[in-house]
Each structure stands twice: as structure tokens, then as C-alpha cells.
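This report is an introduction for a reader new to the structure.

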Amino acid sequence: MRTPLLRCAARPVRRRLIGALGSALLAGALLAGGPAGAAYAADGADATPTASAPAAQLPPDGDQVASPPGANDWSCRPTAAHPDPVVLVHGTFANRYENWLALSPLLKSEGYCVFALDYGMVPGITSSGSGLLLPIGGLGPIDESAAQLGRFVDLVRTATGAAKVDLVGHSQGGMLPNYYLKFLGGAAKVGRVVGLAPSNHGTTLDGITNLAPYFPGVADLIYTACKACRDQAVGSAFNQKMATLPDTVPGVRYTVIATVYDEVVTPYRTQFLSGPNVDNVVLQDHCPVSLAEHVAIAFSPTGLHLVTNALDPAHATPVYCG
């Protein structure tokens, strides 16, 4: 099978991803209305503290990778304006810190209780895609990762007292919640699902290998340690199981945000879901000049703005183009 992008040199790719991460911080700052470092000082950003769940019930913060800015304050109490905590679900070959450097502080600055987990970790697997040598996840079998997500959601609900959470995921992390909702009883615990470039109906293995240049050293994992790569392939047993039920479950609102330049989940329209409770959005319909592709959509000002609008449609604002 062809893997043309695997021939890319690691150094230029690292510079490309580091540039994207730098843009992420800028994007968060623009959408928060001030410098990234000042996001926490925004009016209403600090949620009212409350007693957290017992420490023994909480995942050790930083057990795998440090939390992104704004996430995993286990004393956070949701406000009337944002009653559902937001749980961020990273993608394949990623981790909570790198994937959510932009969105996590943005949501925190807007008054949300924000939480982010690492899942699907394989011991000893690391990447230097951002210039830092960090563990990466999204590698394990997706059904097992969905169970991890379910346990994390229960911890968040216990700690915050919230009846439901909203889930925001990128790539595999945008599709993973669907398994949790369909097969693991998650529908009663989730209000909204927002997917950025989600692999909802699978992709080709060539598409998955296009992720490899962003994460130097992981190419060999695609055919060995990355069970999630196998599960996301079109026609896999996992995707056949997903197709036995409708795309969506009643009572949950879904938003899919796709980019026409996605080189990983292709064709990009396969990301869309069918159902009366779905909004399928193309980023370039709101910002025709945007060149954001599969990875950059999680750092795009337009993509982030579409996420905040999806989480709070009653207060949606004209989308920033960038």
C-alpha cells in the first residue's frame, strides 16, 4: 500500500506542527479577546469552586501527559450559563496537552468547566511531533478507549455534580464518543457531541498514514501497535458494528466540523452524520480562505469559533475567519 507522506523528513514536519501549535495559542487569544496568557483573567472565567470528588476516585492529573491550560480543575462547579462540563477527547497519535493547547484555555476563559483525558496509551510509545518528547495515545482498540472515556465522564459528573457533559473531540476523538453513546450507555450522560474532522465512517489506511509525518517515529505503529488505526479503516469489524445502528442517538445534539483540505479522513464528507439532530458544517463555508487541514483544524480560529457556537448556540456569534 502506498504511503507517500512517510518519506517526508521529520525536521520540516516538526517545524510545521510547531508552527501550528504557535498558531493555536494565537487563535485562542484572538477568540478569547486578549493575550493567551491572560485568558484566565477574563470576566467570568473562574468557575465557583466546590468540593471535589474523593482523590482516590480521580485520575492522577498528569499521569500520562500534563493537562492543557484550563483543563482538569476538579473543584470547578458549572455555572447556570454553562451547566454542562466540557470533556475534550484527543485524536490518534495525540495526547490531551498538545491537541487542546488552543481550545482548552479558550473554553475556560468563557466560563466552562473543562476536562481532558488521555486514552488508548501504549507504554513506551512517544513522539517528538511538537518538539517535546511526550507519550501519545489514541492507539488502543476503540471499544476499550470508549470505556475509558465512559469512566472519565462519570468522574467528571461526580466531581462537578453535573447530570450531563458535552464532548468535543478531534479525529478519532470526534468519532469515539459515538461508540460510547451507542453501545456503552453514554446517551443519558451527554448533551452535545462536537467533532472536529471526526473519522465517523472510517478512512483508508493511506489516510491514516498521512498522520505519521506529524508525529516522527510512529510510522511503524500503524501496522503494529496502533489497534485504533485498524479499527478506523473502512470496512473494519469495528466500523461494521457501528453501522448496525443509526448514526445518532435520540436526545443528543451533534455537530460535525469538517475541512475540504482533510488529507486523513477522506473523502471529507464521510465525516458527516445523518439524523435530525445533526449539524454538518464545512469550515470553508464560513472562511473560504482557510487552508486548515486535518491537524490544523483543531487550532484554526474559524474551527474554534464554530466549536464555541456549537456548544452554546443560543449565544452564537458571527464566525471569525482566520
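Apart from neighbours within four places in sequence, N309 is in contact with A316, T317 and V319. The model is a predicted one. N309 lies in helix α10. Its relative accessibility is 13%, and because buried means under 20% relative accessible area, N309 counts as buried.

## Helix α10

Helix α10 spans residues 301-311 and is mostly covered, with eleven of its eleven residues buried. Among the buried residues of α10 are P301, T302 and G303 at one end of the list, and T308, N309, A310 and L311 at the other. Between these come L304, H305, L306 and V307, which are buried as well.

The N-terminal end of α10 is capped by S300. A side-chain oxygen of S300 lies 3.2 Å from the backbone nitrogen of T302. T302 is itself one of the buried residues of the helix.

## Disulfides

A disulfide is a covalent bond between the sulfur atoms of two cysteines. The structure holds three of them. With the bonded cysteines of the chain numbered in sequence order, the pairing reads 1-2, 3-4, 5-6. The table lists each pair with its sulfur separation and its torsion.

| Pair | S to S | Torsion about the S-S bond |
|---|---|---|
| C76 and C113 | 2.0 Å | about -85° |
| C226 and C229 | 2.2 Å | 80° |
| C287 and C321 | 1.9 Å | about 70° |

The torsion about the S-S bond of C76 and C113 is about -85°, so this disulfide is left-handed. C76 lies in strand β2 (residues 76-77) and C113 in the loop between α3 (103-109) and β4, so the pair ties together parts that are 37 residues apart in sequence. C76 is buried, with a relative accessible area of 2%. C113 is also buried, and its relative accessible area is 1%.

The link of C226 and C229, with 80° about the S-S bond, is right-handed. Are its two cysteines buried or exposed? C226 has a relative accessibility of 2% and counts as buried. C229 is buried too, with a relative accessible area of 0%.

The disulfide of C287 and C321 has a torsion of about 70° about the S-S bond, so it is right-handed. C287 lies in the loop between α9 (283-286) and α10, while C321 lies in the segment after α10, so the pair ties together parts that are 34 residues apart in sequence. At 0% relative accessibility, C287 counts as buried. C321, at 35%, counts as partly exposed.

## The sheet

Strands of a sheet pair through backbone hydrogen bonds, either parallel or antiparallel. Here six strands form an open sheet, with parallel pairing, in the order β4-β3-β7-β8-β9-β10. Its edge strands are β4 (114-117) and β10 (278-282), each of which pairs on one side only. From one strand to the next, the twist averages 15°.

How many bridges join β3 and β4? Strand β3 (residues 86-89) pairs with β4 in the parallel sense over four bridges.

Helix α4 (residues 142-160) lies across β3, β4 and β7 (165-170), and runs at about 150° to β4. Helix α5 (residues 172-183) lies across β3, β7, β8 (190-196) and β9 (253-258), and runs at about 135° to β7.

## The loop between β9 and β10

Where is G275 found? G275 is in the loop between β9 and β10. With a relative accessibility of 38%, G275 counts as partly exposed. Along the chain, G275 and Y254 are 21 residues apart, and their C-alpha atoms are separated by 9.1 Å.

Terms used:
Residues numbered from 1 in each chain as written. Heavy atoms only, no water. Pairing = 2+ DSSP bridges. Helix = DSSP H or I, 4+ residues; strand = E, 2+ residues; numbered from the N terminus. Axes fitted to C-alpha atoms, helices over the stretch in contact; angles between N-to-C directions. Contact = heavy atoms within 4.5 Å. Buried < 20%, exposed > 50% of the residue type's maximum accessible area, 1.4 Å probe, protein only. Polar contact = N/O pair within 3.5 Å; in protein donor to acceptor, adjacent residues only side chain to side chain. Disulfide = S-S within 2.5 Å.
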